[in-house]
Amino acid sequence: MTARRAGFVALLGAPNAGKSTLLNRLVGAKVSIVTPKAQTTRSRILGIRNHGATQAVFVDTPGIFEPRRRLERAMVRRAWRAAGDADMTVLLVDAARRAGAREEAIVACLKAGGRQAVLALNKIDLIARERLLARAERLYGTGCFSDVFMVSALTGDGVDDLLEHLAARLPEGPWLYPEDDLSDVPLRFLAAEITREKLFLRLHDEIPYDVATETADWQEFDNGGVRIDQTVYVRRTSQRAIVLGKGGARIKAVREAAQAELADALDRPVHLFLTVRVREGWPDDPERFRDLGLDYNV
């Protein structure tokens, strides 16, 4: 009988490297929201994949960048802490984007920590092969990486090979979560994240980063349906008007899109109600940090 294996794999990378897309691909279900905007992920999201006798628990982390605000500092610290606690680390690099200071800083931190990672070059469908190979050779030459994989998180190319490699190298031991679990994220939190994703997709400039969502109430009905009441927080009154849109058109579109995805995910009727409120100091509220699993004292 094949021995069981289980362990944590941290997914690290700069903002927009594709970590959440890769997590969802590895798990085979959507457990982390995805948008084209940087810094979408604010907290630690676990995705669980059972592969043969191995249970791989993937940790989607906030993108690593140069933080300015308290919330951003806490997000970056959470990412590095996840890497330090994990059995294995995957550094995901957007191969279609030119190497820059962020990439060099992440590699330097890995080297300083003395732990090797697995390098995954993402978006390989968007870059010429010779450039891709040169990028892989340069990064592997830093001595920070045990192995290199070339993947497309969007199409799935190369992801199975990466999964096989990771699963074979996690430590032997009992599984950490029940066999049917895909994530440890509570449904109330996931529902709020789905609404935040729809807001990110419809808002521009800095406004998405000043928006938070919270599931205030969850009521189950005898017919199998559910009513979900959520609050959308913004920092300024002017932002509330933008989130609502002319005649409430934008928030209506957000509600409809989030409600449809939640109904599909939960496989039952969903009635979603959104309230938009101004809460000036929410990014510095210790309670918000606790909800996100972040350290306030950074």
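Which residues of the largest nonpolar core touch the most other members? In this predicted model, V9, L22, F58 and L166 hold that position among the 24 residues of the core. Two or more residues of this core are given by each of strand 1, helix 1, strand 3 (54-60), strand 4 (88-94), strand 5 (117-122) and helix 5 (159-169). Apart from this core lies another, of 23 residues, which includes A10, A14, A95 and C144. In soluble globular proteins, nonpolar side chains tend to be buried together.

Beyond its neighbours within four places in sequence, L22 is in contact with L11, L92, A153, V159 and L162. Helix 5 is also the place of H165. With a relative accessibility of 8%, H165 counts as buried. When residues up to four places away in sequence are not counted, H165 touches V118, D147 and F149.

A14, a member of the 23-residue core, is found in the loop that runs between strand 1 (5-12) and helix 1 (19-27). A14 counts as buried because its relative accessibility is 18%, and the cut-off for burial is under 20%. Leaving aside neighbours within four places in sequence, the contacts of A14 are K19, G63, I64, L92, R102 and I106. A14 and V93 are 79 residues apart in sequence, yet their C-alpha atoms are 7.3 Å apart in space. The loop between strand 1 and helix 1 also holds N16. The phi angle of N16 is near 70 degrees, a positive value in a residue other than glycine. N16 is partly exposed, at a relative accessible area of 23%.

A positive phi is also found at D267, where the angle is near 60 degrees and the residue is again other than glycine. D267 is placed in the loop between helix 8 and strand 9 (270-278). D267 counts as exposed, with 70% relative accessibility. Most residues other than glycine have a negative phi.

R135 is located in helix 4 (residues 129-140). This arginine is buried, with a relative accessible area of 10%. Apart from its neighbours within four places in sequence, R135 is in contact with V93, D94, A95, R97, R98, A99, E103 and L121. A separation of 47 Å lies between the C-alpha atoms of R135 and A216, which are 81 residues apart along the chain.

The cysteines were considered next. The structure holds 0 disulfides. The closest cysteine sulfur to that of C109 belongs to C144 and lies 10 Å away, too far for a bond. For C144, likewise, the closest cysteine sulfur is that of C109, at 10 Å. C109 counts as partly exposed, at 42% relative accessibility, whereas C144 is buried, with a relative accessible area of 3%.

Empty space in the model was also examined. Rolling a probe the size of a water molecule over the atoms shows where such space is left. The second largest pocket has a volume of about 250 Å³. Its lining consists of A29, K30, V31, L182, S183, V185, L187, L190, I194, E261, A265 and L266. By class, these residues divide into 9 nonpolar, 1 polar and 2 charged. Helix 6 (187-202) and helix 8 (249-266) each supply at least two residues of this lining.

The structure holds 2 cavities of 30 Å³ or more. The second largest cavity has a volume of about 30 Å³ and is lined by E214, R279, D285, E287, R288 and D291. Helix 9 (residues 286-292) provides 3 residues, the largest share of this lining. The cavity lining comprises 6 charged residues, with no nonpolar and no polar residues, whereas the lining of the second largest pocket includes 9 nonpolar residues.

Terms used. Residues are numbered from 1 along each chain as its sequence is written. This is a predicted model: local features need pLDDT of at least 70, side-chain atom pairs count only at pLDDT 80 or more; totals for chains, interfaces and linings use all residues. Side-chain values use heavy atoms; hydrogens and water are left out. On a 1 Å grid over the protein atoms alone, a cavity is a set of points where a 1.4 Å probe fits but cannot get out, and a pocket is an open set with protein on both sides within 12 Å along at least five of seven lines; lining residues have an atom within 4 Å of a point. Grid points are joined across faces, edges and corners, and a volume is the space filled by probe spheres set on the points. Helices (H or I, at least four residues) and strands (E, at least two) are DSSP runs, numbered from the N terminus. Ala, Val, Leu, Ile, Met, Phe, Trp, Tyr, Cys and Pro count as nonpolar, Asp, Glu, Lys and Arg as charged, and the others, Gly among them, as polar. A disulfide is a pair of cysteine sulfur atoms within 2.5 Å. Buried means under 20% relative accessible area, exposed over 50%, partly exposed in between (1.4 Å probe, protein chains only). Contact means heavy atoms within 4.5 Å. A nonpolar core is a set of buried Ala, Val, Leu, Ile, Met, Phe, Trp, Tyr and Cys residues joined through side-chain atoms within 4.5 Å.
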